[in-house]
Amino acid sequence: MEKTLVKSMLYPILTHSDHSDSFIDQYAFRPTGSTTSALIFLFQQITLLLEDHDYIHLIALDFSKAFDTVRHHTLISKFSNFPLPDSLYNWLIDFLQNRSHQTKIGLNESSFLPINASIIQGSGLGPACFIFCASDLHPVHPTNILFKYADDTYLLVPASNSILIPQEIDNVSYWAEANNLKLNTSKSLEMIIRLPNRKHLSIPPPQRYIARVESITVLGVSFTNTLNFSPHICNLTTKAARSLFALKTLRAHGLQGKALFSVTHATLLAQLQYAITSWWGFIGQEHKNKLQSIVSKAIRYGFLPLHFQTLADLVSDAEQALFFSITHNPIHVLHHLLPPIKHTSYNLRARTHSFSLPVSQSNQLRRNFLYHMLYKDIY
């Protein structure tokens, strides 16, 4: 019932024209939202900013136990700002009220204590509650970019706005305090992203209490401050080696045929293809060959059919499916990134889309997913 109410009454608010701006930077717990979409957005914004700036700040912000500390009365007050039916609003209040907690250790039981915070993890309503709670967290300055995947919050600040970073962090900290959360600066990270050919730059000193790093992992994908994905490829090859060993063990215990192929799909291929459309364009042929060699090894060992697709073909199919979804679904979380439709009175050659092509010819810009797909059919 909770999930039905979320789909029928809360999800429509996320895409309503009067309220979509409050959720446009949230990529979790919503239709079409995913880590892949969040990473595509991130890398597109990074490459766009690097067109006009020597470097940008990527700041990964960490909240301590975010899901456990959301105050109920604050959450209810935020729901009141949206056009919910009175019956649903009252039901939400009843859902959050009069909850209690008891701890059991063996035969010993504590007394019941009231719970006036947390979004009730494990419930069908909890995830949607959190994105409504975070709907009013936005950057102070519109030229800075803040995007969220649940409680994972990332701030992009171009070089021209470096002086504004303390103000942005204070804004996030004040928001967290007002919502009974705590910004954990000791676990927050900052990375200065630049193009590889920009080496001698005047970069400001690190932010106070926030460590500056040379590489970072965002939503499970690792990359360096020059958009080099070697750390991620290294992690993938390590995980693949473990998966291949596990598959050998399963085969030795009698797992064969379609069952073995299914397990390989669910483990080895799932690891290789995680968010692959977001970073595939940024890696060179050497890394692509290394990943393909893992698939070839799985075929050689009999973990996959002999005539299985290459990894490049799998990526191409995934890219086409995702691009079709983005272009044909106006409420897709990435649809707003598409360029305007180009209206012409002639058509010399059929194209797969009718969008205007971006003016920039930067190779770095074409590495990101959307620009790559927009140009793909004219090569």
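Modeller: A residue is called buried when its relative accessible area is under 20%, exposed when it is over 50%, and partly exposed in between, with a 1.4 Å probe and protein chains only. By that rule Phe 41, at 8% relative accessibility, counts as buried, and Tyr 27, at 0%, counts as buried too. This is a predicted model, in which local features need pLDDT of at least 70 and side-chain atom pairs count only at pLDDT 80 or more, while totals for chains, interfaces and linings use all residues. Residues are numbered from 1 along each chain as its sequence is written, and side-chain values use heavy atoms, with hydrogens and water left out.

Biologist: How many aromatic pairs does a search of the whole structure find?

Modeller: Rings of Phe, Tyr and Trp (its six-membered ring) pair if their centres lie within 6.5 Å, and planes under 30 degrees apart count as stacked, over 60 as edge-to-face and the rest as tilted. The search finds 17 such pairs. In one of them, the ring centres of Tyr 27 and Phe 41 are 5.3 Å apart and the planes stand at 35°, so the pair is tilted. Helices (H or I, at least four residues) and strands (E, at least two) are DSSP runs numbered from the N terminus; Tyr 27 lies in the loop between helix H1 (2-15) and helix H2 (35-52), and Phe 41 lies in helix H2, 14 residues apart.

Biologist: Which parts of the chain does the pair of Phe 43 and Phe 282 link?

Modeller: Phe 43 is in helix H2, whereas Phe 282 is in the loop between helix H10 (276-279) and helix H11 (285-300), 239 residues apart. Their ring centres are 5.5 Å apart with planes at 55°, so this pair is tilted. Phe 43 counts as buried at 1% relative accessibility, and Phe 282 is buried at 6%.

Biologist: And how should I read a sheet?

Modeller: Strands of a sheet pair through backbone hydrogen bonds, either parallel or antiparallel. Two strands are taken as paired if DSSP finds at least two bridges between them. Here an open sheet of five strands has the order E6-E7-E1-E8-E9, with mixed pairing. Strand E6 (145-149) and strand E9 (211-212) stand at the edges with a single partner strand each, so one side of each is left without a neighbour in the sheet. Strand E1 (residues 55-61) runs antiparallel to strand E8 (residues 189-194), joined by six bridges, and the bridge partner of Tyr 55 in E8 is Arg 194.
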